Amino acid sequence: MRAEAQAHIDTINEALALVRRFLDWDRAVRRLDELNARVEDPTLWENPKAAQDVMRERRRLDEAITATRTIQREVSETAELIEMADAEGDTGMAEEGVQALAQLARQATQDKIKALLAGEADANDTYIEINAGAGGTESQDWAEMLQRMYTRWAERRGMKVELIDYHGGEQAGIKSATLLIKGENAYGYAKVESGVHRLVRISPYDSAARRHTSFSSVWVYPVIDDSIDIEINDSEIRIDTYRASGAGGQHINTTDSAVRITHIPTGIVVACQNQRSQHKNKAEAYNQLRARLYEHELRKREEEANAVNATKTDIGWGHQIRSYVLQPYQLVKDLRTGATSTSPSDVLDGDLDEFMAAALAQRVTGEAVEVEDVD
């Protein structure tokens with residue numbers, strides 16, 4: 001077997017093995033048979049919600065199992081074709097086979113990621129909250145770069161982005177911002193981005209052109225619907241109103257319409273100022289708080305199950321999940337998985353799929369990787 005072809009086959013087999021492990025293959029096949037039998041039961045739709053849950057689980061398992069079996073069959077057939085072509089000296093056919101394997105490798109990777117997005121809230125829309133760390137203008141500028149990165153990532157995937165809350169920096173950048181991203185599996189993909197992000201560059205704000213290190217934190221939590229009951233006691237929250245910040249001129253809001261809600265038991269703080277109505281901002285802030293409390297509970301469950309999870313902690317040295325180096329060399333490195341990119345400009349323009357895929361896979365394997373940070 002040609003080395004290039006074998007490399008593609010190894011990539012495919014690795015992806016399929018991870019999917020099998022995640023699904024618990026034998027159990028998943030039995031479960032699909034059970035669900036297929038339930039779908040044939042005419043009494044299923046007497047309870048519409050239960051029926052929808054059954055159909056959703058059946059569709060997810062059927063897609064994952066069918067895709068895995070299809071790729072396995074096509075890999076076997078293509079490998080035989082390449083061996084036959086090499087034996088007959090048909091270079092053209094062999095090259096076509098290698099290209100087919102390359103396409104199957106890409107498909108297997110995509111199917112792997114899709115199969116891994118089976119968490120309780122993975123299919124939901126998501127909030128992404130960005131906060132600048134210590135360091136003034138440097139960190140605030142970095143926080144705004146992260147805001148743009150996630151906006152571009154969402155747009156590249158055809159998702160819609162709304163700016164829910166925004167606090168600008170004194171000179172440049174932002175102190176904080178909250179994005180609402182709407183799209184299929186938005187939370188499932190973005191959830192692995194929670195943590196501290198580190199930037200190393202020659203500062204555009206330093207007249208001496210010295211190298212600076214900046215930190216900003218990212219926190220991701222899912223949008224939840226009315227089917228998820230989250231109880232919020234009025235005695236456990238504090239509501240503050242303030243004047244919304246804006247671009248200036250006619251866009252300045254002259255009333256205290258922005259709303260901030262603090263959940264006292266957990267210390268969770270949410271805010272909304274994108275509507276001119278205080279009532280609408282308050283409703284959206286409540287939605288954010290319910291989502292944050294739900295994510296808080298999900299994270300507790302993951303930690304109890306010893307799952308790998310990003311942890312919200314100090315925004316500074318020793319806590320970063322990813323480093324972005326722009327000078328003196330070009331490198332982005334994930335400190336959880338070891339995934340790297342030598343094109344920070346592409347990453348900062350939203351090319352995050354490779355990093356997200358590696359982090360999602362690590363959650364399945366539970367394998368910790370010793371990764372040294374970059375200077």
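Which residue in strand 5 does Val196 stand opposite? Val196 faces Ser217 there. This is a predicted model, in which local features need pLDDT of at least 70 and side-chain atom pairs count only at pLDDT 80 or more, while totals for chains, interfaces and linings use all residues. Residues are numbered from 1 along each chain as its sequence is written, and side-chain values use heavy atoms, with hydrogens and water left out.

**Sheet**
- An open sheet with mixed pairing is formed by 8 strands in the order 2-3-1-5-4-9-10-11; strands (E, at least two residues) and helices (H or I, at least four) are DSSP runs numbered from the N terminus, and two strands pair if DSSP finds at least two bridges between them.
- Strand 2 (160-168) and strand 11 (340-341) are the edge strands, each pairing on one side only.
- Strand 4 (residues 195-202) pairs with strand 5 (residues 211-222) in the antiparallel sense, over 8 bridges.

**Aromatic pairs**
- There are 3 aromatic pairs in the structure (ring centres of Phe, Tyr or the six-membered ring of Trp within 6.5 Å; planes under 30 degrees apart are stacked, over 60 edge-to-face, the rest tilted).
- One of them is edge-to-face, because the rings of Trp142 and Tyr324 have centres 5.0 Å apart and planes at 65°.
- Trp142 lies in helix 5 (residues 137-156) and Tyr324 in strand 9 (residues 320-325), 182 residues apart.
- Trp142 is buried at 0% relative accessibility, and Tyr324 is buried at 0% (buried is under 20% relative accessible area, exposed over 50%, partly exposed in between; 1.4 Å probe, protein chains only).

**Charges over rings**
- The charged end of Arg20 sits over the ring of Trp25, 4.2 Å from its centre (NZ of Lys or CZ of Arg within 6 Å of the ring centre and within 35 degrees of the ring normal).
- The charged end of Arg292 sits over the Tyr221 ring, 4.9 Å from its centre.
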